[in-house]
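Hello,

Here is the structure you asked for, with the sequence. My notes on what was found in it follow below.

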Amino acid sequence: MHAAQVMTHVTLPDEREHKLPFYLAMEEYIAREFPAQSYFFMWQVQPTVIFGRNQLIDTEVDVAYCRSHGIEFYRRKSGGGCVYADQSNIMLSYITPSTNVNFTFNSYMLMVEHALQKLGIDARTTGRNDILIDGKKVSGNAFYHIPGRSIVHGTMLYDTNLEHMAKAITPSSTKLKSKGVESVRQHVTTLNRYISIGIEEFKKHLASTLCGAQFSLSEDDILAIEEIEKEYYRRDFIYGNNPRYSLTKSMRFDGVGEIHASVEIKKGIMHKLALSGDFMPLGNVGELLALLEGVSYSPEAVDKALSPIECSSYIMNLEKEKLINLLFS
């Protein structure tokens with residue numbers, strides 16, 4: 001069935017400006033409280049950095065630059081990498097009943113690709129989570145799953161501030177060899193270079209292409225969303241708990257992303273384990289790591305401990321051999 005027949009465009013009751021956590025809370029609220037249908041909405045914020053659930057703020061965000069330039073920063077509950085958003089970067093949110101996260105994610109990416117192609121843009125989905133024009137990224141996307149629902153959200157770079165994007169985010173050298181603006185310009189592009197319509201007209205095009213109905217939230221909905229929003233402002237959620245580990249390893253795998261493994265080892269036995277990075281979690285990564293607690297720090301012991309499960313059911317495209325390679329590289 002075509003997307004326009006099944007997706008509902010959700011709008012707010014007024015023009016009030018909200019901070020980024022409000023819209024993440026809005027996704028959660030719709031996913032948990034609305035009937036089992038597909039929903040879509042768009043939003044824009046003042047300059048803000050948003051980093052993935054499994055990322056370490058110290059390695060991904062230039063906090064000093066953000067603070068000196070009035071750029072806010074928050075953590076989200078989905079995986080993936082660090083994103084810069086502003087009023088010229090349209091954020092897209094898609095909520096749908098789903099148990100198959102991979103299928104949902106790929107279907108949504110193709111819907112957005114189709115909407116861009118209808119404007120004559122040669123847009124192509126590629127890799128894990130990007131949409132490219134002329135080989136340059138115009139949209140990055142991430143997802144997370146709650147029981148019975150999948151939430152996909154992403155960027156659409158219309159005419160965003162590339163200097164802030166370059167300097168507020170500090171990706172590792174394996175992603176960008178240089179952190180300068182020119183390096184970012186080599187990797188990303190903006191829609192205004194390819195279309196003559198303004199940002200509001202483009203948003204109308206997206207809504208009409210993807211959706212066949214519209215629904216406006218009530219003031220009671222807004223109050224409920226604001227309650228959920230509070231969680232995103234908690235210091236422990238934004239900064240996370242980063243205890244000291246006796247071993248840290250980092251690798252980047254095609255189709256998986258960058259993974260940092262931190263392990264506490266005592267007398268040859270692994271105890272606390274943590275994975276951070278821009279990978280896409282499909283399940284509870286804690287359950288995967290729990291299988292390795294109390295296991296000898298050796299490739300053979302890890303291989304045996306992981307044999308009952310498929311690592312790729314917890315982290316997109318992560319095979320057991322890759323995890324072993326990471327831990328013992």
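In this predicted model, helix α5 passes helix α8 in a right-handed crossing. The axes of α5 (residues 101-117) and α8 (residues 199-210) come within 10 Å and cross at roughly 125 degrees, which makes α5 oblique to α8. On the α5 side the contact is made by M111, V112, H114, A115 and L116, and on the α8 side by F202, H205, L206, T209 and L210. Sorted by class, seven of these residues are nonpolar, three are polar and none is charged.

F202 also turns up in the largest nonpolar core, which has 83 residues. Together with M26, V49, V61, M156 and L191, F202 touches the most other members of that core. Helix α2 (residues 20-33) gives the most to this core, with nine residues. Leaving aside neighbours within four places in sequence, V61 is in contact with V49, F51, C66, F73, C82, A168 and T170. There is a second, separate core of 26 residues, and V263, V302, Y314 and L326 are among them.

Most residues other than glycine have a negative phi. D134 is not a glycine, yet has a positive phi of about 55 degrees. D134 sits in the loop between β8 (130-133) and β9 (136-146) and is exposed, with a relative accessible area of 57%. N317, also not a glycine, has a positive phi of about 65 degrees. N317 lies in the loop between α12 (299-306) and α13 (320-328) and counts as partly exposed, at 38% relative accessibility.

Regards

Technical notes
Residues numbered from 1 in each chain as written. Predicted model: local features only at pLDDT ≥ 70, side-chain atom pairs only at ≥ 80, totals over all residues. Heavy atoms only, no water. Core = buried A, V, L, I, M, F, W, Y, C linked by side-chain atoms within 4.5 Å. Buried < 20%, exposed > 50% of the residue type's maximum accessible area, 1.4 Å probe, protein only. Helix = DSSP H or I, 4+ residues; strand = E, 2+ residues; numbered from the N terminus. Contact = heavy atoms within 4.5 Å. Axes fitted to C-alpha atoms, helices over the stretch in contact; angles between N-to-C directions. Parallel < 35°, antiparallel > 145°, perpendicular 65-115°, else oblique. Left-handed = near helix turned anticlockwise from the far one by under 90°. Nonpolar A, V, L, I, M, F, W, Y, C, P; charged D, E, K, R; others polar.
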